[in-house]
Amino acid sequence: MFEINKENVNRMFDIKIPIYSITIILALISNLPVAYYLLKKYNYPKNEIIGLLLYENVGIIGGAKIFSYIQNYSKYNGNFDFIKLGLSSYGAVFGIILFAILFSFQFKKNLKELLYILMPTIPLMYAIGKIGCFFVGCCHGIEYNGIFSVTYKYSNSVSNNISLFPIQIVESLLFFIIFIYIIIKHLKTQFNQKIMGISIILCGMTKFLLDFLRMSHQNVILSFNQYISIFFVIVGLIVYYKSNKKESIK
């Protein structure tokens with residue numbers, strides 16, 4: 001069993017900044033070199049690369065905050081405090097898509113190509129962000145006493161001294177594997193509409209299935225995030241189906 005208490009976390013990192021904030025910052029930073037490399041690979045000029053990265057990060061932060069507010073409206077009692085609002089992973093995804101659309105219209109760029117480029121950054125940032133969730137105890141798993149179970153001693157997000165399934169770490173590992181799959185396809189110049197569809201399906205299905213192992217899923221048939229996951233799986237299937245249809249026509 002792995003126990004997490006505030007003193008252990010502080011000693012481990014020797015810092016005063018909350019570990020969750022650090023992982024979110026690292027997630028945003030990790031996104032930059034990946035997107036920059038792919039934009040260069042697709043022959044985007046430097047000014048457009050900088051512009052798209054700015055658009056993307058505004059979309060990530062804004063979308064994650066606003067979606068979290070909508071999803072937890074009753075929790076916030078209608079008070080929209082941008083700084084204190086939580087971050088929604090699906091809100092970040094919708095933010096990326098929205099600002100990619102805005103960028104494509106403003107600068108007359110191919111939206112499909114922009115989404116190809118930005119796709120690998122999504123599972124990468126999610127994987128890193130979930131490490132922060134693990135340390136603070138949010139989005140925690142179901143009660144579990146088996147191997148690799150985790151017990152929190154200080155978290156405000158979960159009852160202390162309860163053995164839990166380390167869902168955040170499992171999510172982090174699986175989404176990092178998805179990121180590796182997508183980036184390899186890009187490096188081999190094999191990323192196309194079919195791979196885009198597969199990537200969306202993988203992300204949606206992984207999040208859908210893992211949500212059953214989250215404590216918040218108890219007493220509900222499907223969670224709000226699972227409904228969104230189903231939506232993205234359907235989108236992925238449509239994208240995949242259309243790519244197969246194009247190939248059969250050729």
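**Reading helices and their neighbours**

Modeller: Start where a helix stops. Helix α7 is followed by G137, which has a positive phi, near 95°. Keep in mind throughout that this model is predicted.

Biologist: How many residues does α7 have, and what span does it reach?

Modeller: α7 covers residues 121-136, which is 16 residues. From first C-alpha to last it reaches 23 Å, close to the 22 Å expected at 1.5 Å a residue.

Biologist: Which residues does F175 touch?

Modeller: F175 sits in helix α8, residues 167-187. Leaving aside residues up to four places away in sequence, F175 touches P123, Y126, A127, C203, T206 and K207. T206 is 31 residues from F175 in sequence, yet their C-alpha atoms are 8.1 Å apart. The relative accessible area of F175 is 4%, so F175 is buried.

Biologist: At what angle do α2 and α3 pack?

Modeller: The angle between α2 (residues 19-41) and α3 (residues 46-71) is about 145°, and their axes are 10 Å apart. The crossing of α2 past α3 is right-handed. On the α2 side the residues that meet α3 include L28, L32 and K40, and on the α3 side they include I49, E56 and I61. Sorted by class, this contact has 10 nonpolar, 2 polar and 2 charged residues.

Biologist: Now a loop. Is S88 buried or exposed?

Modeller: S88 lies in the loop between α4 (73-76) and α5 (89-107). Its relative accessibility is 7%, so S88 counts as buried. Not counting residues up to four places away in sequence, S88 touches A64, F67, S68 and Q71. A polar atom of the S88 side chain also lies 3.1 Å from the backbone nitrogen of G91.

Biologist: Which residues of α5 are buried?

Modeller: They are Y90, G91, A92, V93, G95, I96, A100, F103 and S104. α5 has 19 residues and reaches 27 Å from its first C-alpha to its last, close to the 27 Å expected.

Biologist: And what follows α5?

Modeller: K108 follows α5, and its phi is positive, near 55°.

Technical notes: Residues are numbered from 1 along each chain as its sequence is written. This is a predicted model: local features need pLDDT of at least 70, side-chain atom pairs count only at pLDDT 80 or more; totals for chains, interfaces and linings use all residues. Side-chain values use heavy atoms; hydrogens and water are left out. Helices (H or I, at least four residues) and strands (E, at least two) are DSSP runs, numbered from the N terminus. The expected span of a helix is 1.5 Å times one less than its number of residues. Axes are lines fitted to C-alpha atoms, for helices over the stretch in contact, and angles run from 0 to 180 degrees between N-to-C directions. A crossing is left-handed if the near helix is turned anticlockwise from the far one by less than a right angle, and right-handed if clockwise. Contact means heavy atoms within 4.5 Å. Ala, Val, Leu, Ile, Met, Phe, Trp, Tyr, Cys and Pro count as nonpolar, Asp, Glu, Lys and Arg as charged, and the others, Gly among them, as polar. Buried means under 20% relative accessible area, exposed over 50%, partly exposed in between (1.4 Å probe, protein chains only). A polar contact is a pair of N or O atoms within 3.5 Å; within protein, one must be able to donate a hydrogen and the other to accept it, and residues adjacent in sequence count only if both atoms are side-chain atoms.
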